[in-house]
Amino acid sequence: MTNQVAPAGVRYRRMTENDVDAAHKLSLSVRWPHRLQDWAFIQRLGAGYVAEDEQGVIGTVMCWSHGTEFASVGMVIVAAEKQGKGIGRHLMSMVMAELGKRNVILNATESGQGMYSNIGFTPIGDVHQHQGTVFESRLIPLQPGERIRPLGLRDGAKLAALGGRAAGMPRGTVTAALLDASECVVIDRYDEVIGCAMLRRFGHGYAIGPVIAPDIERAKALISHWTGTYAGSFVRIDVPAACAISPWLDELGLVQVDSVVTMVRGEAPRQDGAMRTFAIVNQALG
C-alpha cells in the first residue's frame, strides 16, 4: 500500500525496522512496558503501519499471519494527545486490507473495544494479566513417567505441533522465533512431549509464555519451574480467563493487575480439546 495523507495532515505508511525506536518511545508515552528489544522482536516477525505528522510517529499497528487462514493484530497505539481523531481506525483499515480474508484475532483494552466492534470484531473471551515477584515456589508433582527437562535439539518440530494443537492454527513461525529469544522446558512422558513453557526477557523483568499443557496441574508444574528458577525476579504472565488458573497465580504472588478482551473477526480457531494454552506469548501475538 502506498503512502497516504489524511486531511488532518497525518501521513500513513508501512512500518520499517527504522521505526522501531520511535515506536518504542510512543509505547513508553502511553505506559506500555515494552523494551526496545521487545519491539524489535515483534517487528521482525510481522508487518505494520505507522501514522506520523511533523512531530514524528504518532500511531502504530502491527499484524502477524499464522498460516493462510488466521492472523493476529496488536500494538495498536495512538499518542494520547492525538486520540479521538480517527487515526487508530485508519491504521486498522490498512492492516485489515493487508490481511485480506484471514480470520483475525486481537486482544482489546477497554478503550479500544468500541472501535473494534464497529469494524466487525466480536468478543470470544478474556485474558488476565498477572505480574509480581515470587520468592518461594512450591514443587508441583507430575504423573509417573513424566519429567520436566530442557528443550532438546530434536524437539523443535514437536513444539511447533504442540503449539498448533493448542492454538488451533499454525504457530511454527512464532515458535521458531521464540526459541531464539527464550529458554524453554518441556514435560516429557516416556519420550513424548506433552507440554511446554517458555521464558524470556520482557519489559521490567521476565515473561512466561506460552505455557501449553493437557491440564491445569501440569501447567502449574511448568509455571512453578520458572518461578522457582527465577525466584525474586519480576515476572509477567498473560493467561486466558477460561483456563481458570488466575486464582492460583494470585496465591503464588503473581497478582492480576489488568484484563483485556479477546476478539475475532471471522471464525475463531478450533483448538484441540486435549491440549490447552494456559499462558499466551503476549497480548499482541496471542
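The largest nonpolar core in this predicted model has 57 residues, where a nonpolar core is a set of buried Ala, Val, Leu, Ile, Met, Phe, Trp, Tyr and Cys residues joined through side-chain atoms within 4.5 Å. By buried I mean under 20% relative accessible area, by exposed over 50%, and by partly exposed anything in between, computed with a 1.4 Å probe on protein chains only. The residues with the most contacts inside this core are Trp39, Val73, Met92 and Tyr116. Helix H3, residues 87-99, gives the most to this core, with seven residues; helices (H or I, at least four residues) and strands (E, at least two) are DSSP runs, numbered from the N terminus. A second, separate core has 25 residues, among them Val185, Val235, Val239 and Ile245.

A word on conventions before I go on. Residues are numbered from 1 along each chain as its sequence is written, and side-chain values use heavy atoms, with hydrogens and water left out. Since we are looking at a predicted model, local features need pLDDT of at least 70 and side-chain atom pairs count only at pLDDT 80 or more, while totals for chains, interfaces and linings use all residues.

To return to Tyr116, and setting aside residues up to four places away in sequence, this residue touches Val76, Met92, Leu106, Ala108, Phe121 and Met263, with contact meaning heavy atoms within 4.5 Å.

Trp39 takes us to helix H2, residues 36-45, whose buried residues are Asp38, Trp39, Phe41, Ile42 and Gln43. What covers them? The cover over the buried residues of H2 includes helix H1 (20-29), strand S4 (56-66), strand S5 (70-78), helix H6 (172-181) and strand S10.

Of these I would like to take H1 in detail. H1 and H2 pack at an angle of about 120 degrees, with their axes 9 Å apart; the axes are lines fitted to C-alpha atoms, for helices over the stretch in contact, and angles run from 0 to 180 degrees between N-to-C directions. H1 and H2 are therefore oblique to each other, given that angles under 35 degrees count as roughly parallel, over 145 as roughly antiparallel, 65 to 115 as roughly perpendicular and the rest as oblique. The contact is made by Val20, Asp21, Ala23, His24 and Ser27 of H1, and by Leu36, Trp39, Ala40 and Gln43 of H2. These residues divide into five nonpolar, three polar and one charged, where Ala, Val, Leu, Ile, Met, Phe, Trp, Tyr, Cys and Pro count as nonpolar, Asp, Glu, Lys and Arg as charged, and the others, Gly among them, as polar.

Let me turn to strand S10, residues 192-202, where Met198 is found. Met198 counts as buried because its relative accessibility is 2%. Beyond the four places on either side in sequence, Met198 touches a number of residues, including Leu159, Cys184, Gly209, Pro210 and Trp226.

Gly209 and Pro210 are joined by a cis peptide bond, with omega about 5 degrees, and Pro210 is found in strand S11, residues 205-213. Most residues other than glycine have a negative phi, and most peptide bonds are trans.

Tyr190 counts as exposed because its relative accessibility is 64%, and Asp191 is exposed, with a relative accessible area of 61%.

Phe234 lies in strand S12, residues 234-240, and counts as partly exposed at 27% relative accessibility. Not counting residues up to four places away, Phe234 touches Gln131, Gly132, Thr133, His204, Gly205 and Tyr206. Gly253, in the loop between helix H8 (246-252) and strand S13 (255-265), is partly exposed, with a relative accessible area of 23%. Leaving aside its neighbours within four places in sequence, Gly253 is in contact with Gln131, Gly132 and Thr133.
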